[in-house]
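Take a moment with the sequence and the 3D view. The paragraphs below walk through them step by step.

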Amino acid sequence: MGSRSASAGYDRQITIFSPEGRLFQVEYAFKAISNAGLTSVGVCGKDSAVIVTQKKVPDKLIDASTVTHIFQISPSIGCVMTGLEPDGRNQVMRARQEAAEFKYKHGYSITPDLLAKRMANINQVYTQKAFMRPLGVSMILIGWDEERGPQLYKTDPAGYFAGYRATAAGAKHQEAFNYLEKKLKADVQPCADDTLELAVATMSSVLSASFKAQDLEIAVVTKENPVFRMLTVEEIDAELSRIAEKD
Amino acid sequence: MDRYSFSLTTFAPNGKLLQIEHALAAVGNGSTSVGIKAANGVVIATEKKTGSSLIEVSSLEHMAMVCDSIGMVYSGMGPDFRVLVNSARKMAQKYKRIYMEDPPVRILVKELASVMQEFTQSGGVRPFGVSLLLAGVDERGPNLYQVDPSGSYFPWKATAIGKNMVNSKTFLEKRFNGDMDLEDAVHTAILTLKEGFEGQMTEHAIDVGIVNVIPSAESGKSTPTFQRLTPAEIKDYLANIL
């Protein structure tokens, strides 16, 4: 039997299988995330979870306060979207809808793991049905689970999702993963301020930059305050100074 | 326009359905899974490939319970598996609502396979990129079924799917015998996975599920129950091997 199988030619344009069993459209969606140029990092510690992303304002005429990639989805869950911004907004709106509907139907707030699973299942549909393309974004979710504490999840265009001790998405995600794997050897869970420090340190390391408060966006959920909340510029500044003084 | 009105899986001049063949290639890229039918139960097991040490292994669900007496594992694309798990669970409950008992494995397999076939013929969709192994015990005894992306299904005494299926099946052919006890079957399943495993196999690197028949204390009747082995239990089996 012939071992070389020819593709019908559309396997690069819609989500059907290539001869090797790959989905090129999904792989290209991943490329779109890297092309967006930003990197985001998430770390889950024992008593808090943190997400950090770059804040790059492309034009001085843009109102910087309106530029954000971090979004709140429910009182205790929020996310950072990395990749194509419009696709990101689409997914955030959908996530907010799913969270609200869950609360209405079941009477209690959705937990981070269920929301991540729901978003991942929606992403899977786009990889199997030809009428909609996969979204060019990766969602890193943090939230506070009443029973389990801080949670960190990531979903991607392939429909894959998993819980993480630390994760990254975007242009330099591979470098960030390498850095985090070295710092978080098996089962180590950072405590208190170390969680945030590790996230910021990862960003500095892979982006080879020292940040000013305006260059970063940070959001946290903590045991003392189990609500999703973004840090203000002043808080970020204080945090960066604290880290700088430590060295 | 949310529906393509034409099928994306069409016949090639040589009579093949290429999308299905490509789906099988996707299965072949996936982690190995094995299943063995014992005299008094069934075991299914899979490799849990984690790309990074940062992943919370407890959040991964490679082995799924479909209903009390049926379990399911896969090789291939994880997201596609989740869709089929949800379908299978719903089918099982629908059956239970009418007949007041869990479906026999062969009935569930038929329905699930039918869904998978639909995705090879309906408009605007691609086939599922997974092969499934379903394990269960019904009034006829222990069952092990494989379902492929094409919608074909096969009852097996013992089998393997995924990356290392050829070597694993050869290994199983040598070691399988019809009077195996469930304990021995679990042992053999783990050994089979170990053959193709790269690196050190720990209790966190594999997922093992069994369906055995547990006699109920009150009624004396025995009900088949699917359960995943805990990491501690897997560790015991590994200790006996190493």
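This is a predicted model: local features need pLDDT of at least 70, side-chain atom pairs count only at pLDDT 80 or more; totals for chains, interfaces and linings use all residues.

Start with chain B. Here 5 strands form an open sheet, in the order β3-β4-β5-β6-β7. Their pairing is antiparallel. Which strands sit at the edges? They are β3 (64-67) and β7 (153-155) of chain B, and each of them pairs on one side only. Neighbouring strands of the sheet are turned against each other by 25° on average, direction ignored.

Now look at one pair inside this sheet. Strand β5 of chain B covers residues 130-138, and strand β6 of chain B covers residues 141-147. The two pair in the antiparallel sense over 7 bridges. To find your place, pick B:L134, which stands opposite B:Y145 in β6(B).

A helix belongs in this picture too. Helix α3 of chain B, residues 105-118, lies across β3, β4 (70-76), β5, β6 and β7 of chain B. The helix runs at about 160° to β5(B). B:E139 lies in the loop between β5 and β6 of chain B, while B:R106 lies in helix α3 of chain B, so the pair ties together parts that are 33 residues apart in sequence. How open are these two residues? B:E139 counts as exposed, at 62% relative accessibility. B:R106 is partly exposed, at 22%.

Next, turn to where the chains meet. In this interface, 35 residues of chain A are in contact with 33 residues of chain B. The size of an interface is often given as the accessible area lost when the parts come together. Between chain A and chain B the buried area is about 2,900 Å². Carbon and sulfur atoms give 57% of that area. Which residues of chain A lose the most area to chain B? They are A:F17, A:Q128 and A:F131, together 25% of what that side buries. The interface of chain A and chain B has 1 salt bridge. In it, B:E61 joins A:K117, with the closest N and O atoms 3.0 Å apart.

Over all chains, the count comes to 17 salt bridges. A:R242 and A:E239 both lie in helix α6 (residues 233-246) of chain A, 3 residues apart, about one turn of the helix. The closest N and O atoms of A:R242 and A:E239 are 2.7 Å apart. A:R242 is partly exposed, with a relative accessible area of 28%, whereas A:E239 counts as buried at 13%. In chain B, B:E47 forms a salt bridge with B:K49, their closest N and O atoms being 3.8 Å apart. B:E47 is buried, at 6% relative accessibility. B:K49 is partly exposed, at 42%.

Finish with the cysteines. A disulfide is a covalent bond between the sulfur atoms of two cysteines. A:C44 is buried, with a relative accessible area of 6%. For A:C79, the nearest cysteine sulfur is that of A:C44, 16 Å away, and A:C79 is in no disulfide either. A:C79 is buried too, at 0% relative accessible area.

Notes: Residues are numbered from 1 along each chain as its sequence is written. Chains are lettered from A and ligands numbered from 1 in the order in which they are written. Side-chain values use heavy atoms; hydrogens and water are left out. Two strands pair if DSSP finds at least two bridges between them. Helices (H or I, at least four residues) and strands (E, at least two) are DSSP runs, numbered from the N terminus. Axes are lines fitted to C-alpha atoms, for helices over the stretch in contact, and angles run from 0 to 180 degrees between N-to-C directions. Contact means heavy atoms within 4.5 Å. Buried means under 20% relative accessible area, exposed over 50%, partly exposed in between (1.4 Å probe, protein chains only). A disulfide is a pair of cysteine sulfur atoms within 2.5 Å. Buried area is the accessible area (1.4 Å probe) that two parts lose on being put together, summed over both. A salt bridge is a side-chain nitrogen of Lys or Arg within 4 Å of a carboxyl oxygen of Asp or Glu.
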